[in-house]
Structure formats: C-alpha cells, structure tokens
Amino acid sequence: MLEAGSDLDLYDGPSPIGEAELAARLQGKHGLVCVLTDRVTANVLDRARDLKVVSNIAVGYDNIDVAAARSRGIVVTNTPDVLTEATAELTWALILAVTRRVVEGDRLVRRRGWKGWALDFMLGTELRGKQLGIIGRGRIGRAVAAKAGAFGMHAVFATRGARTTDLPEMSLDELLVSSDVLSIHTPLSEANKHMIDRRALARMKRSAFLVNTARGPIVDEEALAWALKEHLIAGAALDVYEREPEVHAALLDLENVVLAPHLGSATRETRTAMAELAVKNTLAVLQGRPALTPVG
Ligand code: GLV
C-alpha cells in the first residue's frame, strides 16, 4: 500500500512505547498508526510538528487526546464496524462462561478436584426468559442485543438523553434493578468513569451478572470485588480493567468472576481488518483524501 519513497518506522518493542520515545520517533513523521496501549497525549502531539493523522487500531480512542489533535489540525481515526461481531461474540462467550460456571469448572477439573456428576453439582443460571440490560446503544451493544433472542433473553437498553423509539429502553436505575445480565458497551468518557460503583452494584439483583467488554474504568474494580465477595451480585465477567494489564488483586481470588485478557476484537479476521482499515485511513489523509472512519 505504501508508495515508493515512503518511509516506515516500525516499533515492535515488547511493551507499549513510552511517551518520550513515541514523541522522539514522531519527529518528521506525517502519520501514526497506533494501538490502544499507546498514549497519544497533548505533549506527544506538541512535539510531532509534521503529524497529520493518528490512526488508532481500535474502536475506542480514549488513549488519544482528540481535542488536542483537533486543535493542531491532526485527523484522528478509529476502526468501527470491523470489530463489532467479534466483540459481540466475546461478550456472549463471557455471559455463557460466567452464568454456567465454565471457567470455574475448568479450574476445578485441572486441580483434580472433580469428584463426579451429582444432581446439585455446580449449578448455574439459565438465560432463557431473562433480561439482558445493555448500557450503550452503539454498534456493539446492538449486535449483542441481536443475539439475545437465540438464548431466549430479551434485551433492554439504558436510556440516553432523549427517548428514542426504535429500541426497548429504561432508565439506568431501572436497568440496574431489573436486569439478570448487565453488559457494558459504551465508550469511556469523563462522565462515565466508575459509573458502576458500590451504589450501582448494590442496586442490582443478587442473582444478576455484570459483564464489561468496553473499558475498565467504567467499573470501580474495588467496588466490584466487594460486591462479588459479599454476594451482592452473583457474578461478573470482565475483558477490560482499570489499569491493564494489572487486575485488582481482590478479583484474582474470587471464583465468581471470569477474567479475560482484553480479547474483545482478538480474532485473526477482525485484527487483520482493523489493521488494514487503520493503514487505509492513514494513507487517505496523507494522500489528501478524507479519512474513511474519522472520529469526532
Ligand atoms: C478494543 O478495546 C477497541 O477499542 O477496539
């Protein structure tokens, strides 16, 4: 895709590039293709005088100071659509894993603790007839909802702003109180940091499950560990964390939580499509065309 004469500087270090090295390597560069662990701050952008485009290989872009980029005339792009189905599938994998205790059972078998079939052994929760509450009315939330019927669940969305007519919805508080599975599919913002805190968790049914495949800081991990330990909710399944790759120590000791290592979009098909879209976005801007999927 690159034209002859284009220069490519590939960072393939074992850990995310630090701000200082990123800023240094952006000297004289016109485009940046980055991932969600790269922090593209105002400081970095200040030093990248020639930069015209930042293409995130992710749908979320909370790792980029978009306002700072905009004020410097730098286009920011993300990778929507191509990862919707993979993330929705992973969400369902987590819902099924936590409600049917699949990972807990796997741990038991591996530590040679399984004593055999019994009528009341490792009973889980059936999904049929239950309510799936969805926070976030974007592509991924809707794709998760679209699969709810296959499991006999009915999906309801949290109201956002003015009431719309095309989706079943209720207030966030009503959703907390009435959902059997609550799944988060909203981008991280200043406004929703720790939206799921002690108070919110205490509003949920004791039999309910929380699933987060969006961004870690939306859930207060300390509060979640407390709620799981006190059995204020039945279980949780997380793919994202407040300080990745760190996971709150209290969660690691609990049986009633499934912990995935940020795998939402991690299929060969989707990651390939994401990388291709990011490169196409970069080339479009550098060749003077509009970006395919700009943010903001
Ligand atoms: C993954 O978390 C993404 O935002 O694409």
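Reader: In what order do the 7 strands of the open sheet stand?

Author: In this predicted model, the order is β6-β5-β4-β7-β8-β9-β10, and the strands pair in parallel.

Reader: Which strands are at the edges?

Author: The edges are taken by β6 (169–170) and β10 (257–259). Each has a single partner strand, so one side of each is left without a neighbour in the sheet.

Reader: And how many bridges join β4 and β7?

Author: There are 4 bridges between β4 and β7 (residues 181–184), in the parallel sense. Within this part of the sheet, G133 is placed opposite L182 of β7.

Reader: Moving on to the ligand, which residues surround it?

Author: The surrounding residues are L36, A58, V59, G60, L83, R215 and H262. By class, this shell divides into 4 nonpolar residues, 2 polar ones and 1 charged one.

Reader: How much of the ligand's accessible area does the protein cover?

Author: On its own the ligand has 190 Å² of accessible area, and the protein covers 90% of this.

Reader: New topic: which residues make the nonpolar surface patch?

Author: V109, W114 and F121 make this patch, which is about 310 Å². Of these residues, W114 lies in the loop between α5 (102–110) and β4 (131–135).

Conventions
Residues numbered from 1 in each chain as written. Predicted model: local features only at pLDDT ≥ 70, side-chain atom pairs only at ≥ 80, totals over all residues. Heavy atoms only, no water. Patch = residues over 30% accessible without salt bridge, like charges linked within 9 Å, V, L, I, M, F, W, Y side chains within 5 Å. Areas by Shrake-Rupley, 256 points an atom, 1.4 Å probe, with all protein chains shown as cover. Salt bridge = Lys/Arg side-chain N within 4 Å of Asp/Glu carboxyl O. Helix = DSSP H or I, 4+ residues; strand = E, 2+ residues; numbered from the N terminus. Near = heavy atom within 4 Å. Nonpolar A, V, L, I, M, F, W, Y, C, P; charged D, E, K, R; others polar. Pairing = 2+ DSSP bridges.
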